[in-house]
Amino acid sequence: MNFIEELRWRGMLHDMTPGTEEQLTKEMTAGYIGFDPTASSLHIGNLATIMLLVHFQRAGHKPFALVGGATGMIGDPSGRSTERDYLSEETLRRNQEGIRAQLTRFLDFESGANAAEMVNNYDWFKNMTFLDFLREAGQHLTVNYMVAKDSVKKRLETGLSFMEFSYQLLQGYDFYWLYKNKGVRLQMGGSDQWGNITTGTELIRRKDSGQADPQEDHLAFALTTPLITKSDGTKFGKSAGGNVWLDSKMTSPYQFYQFWLNATDDDSPRLIRVFTLLSREEIEELERQHAEAPHLRILQKALAQDVTIRVHGQAGFDLAVKASEVLYGKATLETLQQIQADEFEVIFEGVPQTELTAEDLEQAQNLTDLLSVATRGEVYASKGEARRAISQNAVSINKNKVSDPAASVPTEWLQGRYLLVSKGKKNHLLKKV
C-alpha cells in the first residue's frame with residue numbers, strides 16, 4: 001500500500017513538503033501527530049487525523065501519537081480568536097489518560113518494527129529551564145519568521161499573549177526532540193497546523209544542517225490533511241448538543257451512530273472515504289447502489305456502521321441499532337421487552353422523561369388523565385389535547401396504538417417501571433419513581 005496514493009484517492013492530502021513522497025517510498029519512516037489534552041476525550045474532529053496514523057501504519061510505517069502534556073498547558077492559538085482556558089495539571093493528567101486509552105483502539109502497539117508508540121512531551125519539557133529552552137529553540141528562529149505564520153497574524157489584531165506566541169516553538173521543539181531521540185522524520189496534522197509543523201522542520205534544518213547526510217536533500221518532512229467541513233461550508237463534527245465525542249459517556253453509541261446516519265447525500269461520499277477503511281472498490285459499489293435508491297440511505301448506513309464499530313465495538317453498534325429501531329423504526333412490544341435493564345437508560349438518553357409517583361398514578365382514572373394530569377402537562381398540556389390525539393389514532397403505548405381516551409391505565413410496564421409513549425415520531429418515556 002502506497003501511503004500518499006491512499007491519501008490522494010481518499011481526498012485526505014492537503015499539502016506536503018518537497019521530498020516527502022520519495023522518503024516514504026524509499027523506506028519505513030517514523031511519523032507523528034500531536035493531540036493536546038484539552039478534554040478527557042477526543043472527538044470526531046480529531047478522528048480525521050487519527051485516520052492519517054492508521055493509514056500510515058497500514059502502509060508499513062511507524063506511527064507515534066504525542067499527547068501534549070506540556071503544550072496542553074498553553075493551548076494552540078491556531079484557528080482561534082481568543083486564548084484558551086487554562087487547565088490545571090490534575091485535569092490535564094486525567095485528560096491525557098482518557099486520550100491514551102482511546103488511541104489504543106485505532107493503532108497496533110504490538111506489530112513489531114512498525115508498532116505504534118505513544119509519547120508525552122511533558123517528559124522532555126518538565127526538567128528544561130526557561131533559559132535552556134531559549135538556547136535550545138529560541139535562538140534558531142527569528143521573530144519575523146514566527147510572526148509570518150497565519151496562526152499568529154490572524155491574532156495580532158485581537159491580541160496574542162507571549163505564552164501562545166511561543167506555542168509554535170514548543171511544537172517545533174517536539175519535532176526536533178522526536179527526530180533526535182526517536183528517529184521521527186515526518187509530522188502530520190490538519191491543514192490549520194501547517195505553520196506549526198513547518199516550524200519544526202525549519203528548527204531541525206537550522207539545528208542539524210551541519211550534521212546532515214550529504215546525500216539527504218531534507219532532514220524532516222511535513223504533511224497535512226484538509227479540515228473537514230460540510231457541503232454547506234459549516235464546521236464538521238458538531239451536533240445540536242455540541243461536540244461528538246469518542247467517549248461513550250459523553251456521546252452515547254446511539255447518538256454517535258445517529259450523527260453519521262444523518263449525513264447528507266452531498267457529504268457522505270467524502271466522509272466514507274476519510275473515516276472508514278473500506279476499499280475504493282467497496283465505496284464505489286456502495287455509491288452506485290445509493291444512486292439507484294437514495295431513499296434507502298445505503299451510503300450513510302455503511303458509514304455509520306463502520307465508524308461506530310471501530311469506535312464503540314460491535315456491542316455498541318448493536319445497541320445503537322436497537323435504539324434506532326425502538327425510537328424511529330418498526331420495533332414492536334416484543335422488541336421493547338427484550339431490552340435489558342442496563343440498556344434502558346442508554347437507549348432513552350435524550351428522550352423526554354417524566355417521573356410518576358404512586359400518588360400521580362392514583363389520580364389517573366384513565367389514559368387521558370395519565371397523559372395529561374398525571375404527567376403535569378409534560379406529555380399533553382390538557383385533557384382535551386390528550387383526548388383528541390388518542391381519538392385520532394396518533395398515540396402508541398409501548399408500540400401499540402391506542403384509540404380509546406377512556407381506556408384504563410396500562411398495568412404492564414416495561415421492566416416493571418417504564419411506559420413508552422409515542423406521539424407520531426416523537427417519544428416520551430414515563431417512569432415510575
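# Notebook: rings, cores and salt bridges

I started with F56, which is buried at a relative accessible area of 0%. In these notes, buried means under 20% relative accessible area, exposed means over 50%, and partly exposed is in between (1.4 Å probe, protein chains only).

A note to myself: this is a predicted model, where local features need pLDDT of at least 70 and side-chain atom pairs count only at pLDDT 80 or more, while totals for chains, interfaces and linings use all residues. Residues are numbered from 1 along each chain as its sequence is written, and side-chain values use heavy atoms, with hydrogens and water left out.

**Entry 1: the whole protein**

I looked up the overall numbers next. The protein has 20 helices and 13 strands; these are DSSP runs numbered from the N terminus, with helices being H or I of at least four residues and strands being E of at least two. The C-alpha trace spans about 90 × 45 × 40 Å along its principal axes. Of the 433 residues, 51% count as buried. I also checked contacts, meaning heavy atoms within 4.5 Å. Among those between residues at least 6 apart in sequence, 72% join residues at least 24 apart.

**Entry 2: aromatic rings**

A pair of aromatic rings is described by the distance of the centres and the angle of the planes. The rule takes rings of Phe, Tyr and Trp (its six-membered ring) whose centres lie within 6.5 Å; planes under 30 degrees apart are stacked, over 60 edge-to-face, and the rest tilted. I found that the count comes to 11 aromatic pairs. How are the rings of F3 and F56 arranged? Their centres are 5.2 Å apart and their planes stand at 75°, so I call the pair edge-to-face. F3 sits in helix α1 and F56 in helix α3, so this pair ties together parts that are 53 residues apart in sequence. F3 counts as buried too, at 3% relative accessibility.

Then I turned to W124 and W177: their ring centres are 4.0 Å apart with planes at 15°, so this pair is stacked. W124 belongs to helix α5 (residues 122-125) and W177 to helix α10 (residues 167-182), so parts 53 residues apart in sequence are tied together here. W124 is buried at 9% relative accessibility, whereas W177 is partly exposed at 22%. I also noted one aromatic cluster, formed by F125, F133, Y173 and Y176.

**Entry 3: the cores**

In soluble globular proteins, nonpolar side chains tend to be buried together. A nonpolar core here is a set of buried Ala, Val, Leu, Ile, Met, Phe, Trp, Tyr and Cys residues joined through side-chain atoms within 4.5 Å. Which members of the largest core touch the most other members? Of its 57 residues, they are F3, I50, M188, L246, W260 and F275. Leaving aside neighbours within four places in sequence, M188 contacts F3, Y32, I33, L52, L53, F56, I197 and L223. A second, separate core has 24 residues, including F125, L170, L178 and V184.

**Entry 4: a covered helix**

I picked helix α13 (residues 268-275), which is mostly covered, with 6 of its 8 residues buried. Those buried residues are S268, L271, I272, R273, V274 and F275. What covers them includes α1 (3-10), α3 (44-58), α12 (253-261), α14 (280-292) and α15 (298-328).

**Entry 5: salt bridges**

I used this rule: a side-chain nitrogen of Lys or Arg within 4 Å of a carboxyl oxygen of Asp or Glu. The count comes to 18 salt bridges. K207 forms one with E136, with the closest N and O atoms 3.6 Å apart. This pair links distant parts of the chain, with K207 in helix α11 (residues 194-208) and E136 in helix α6, 71 residues apart. K207 is buried at 18%, and E136 is partly exposed at 29%.

E285 and R288 have their closest N and O atoms 2.5 Å apart, and both lie in helix α14, 3 residues apart, about one turn of the helix.

D306 forms a salt bridge with R310, at 3.0 Å between the closest N and O atoms. Salt bridges that share partners also join E5, R8 and E21 into one network.
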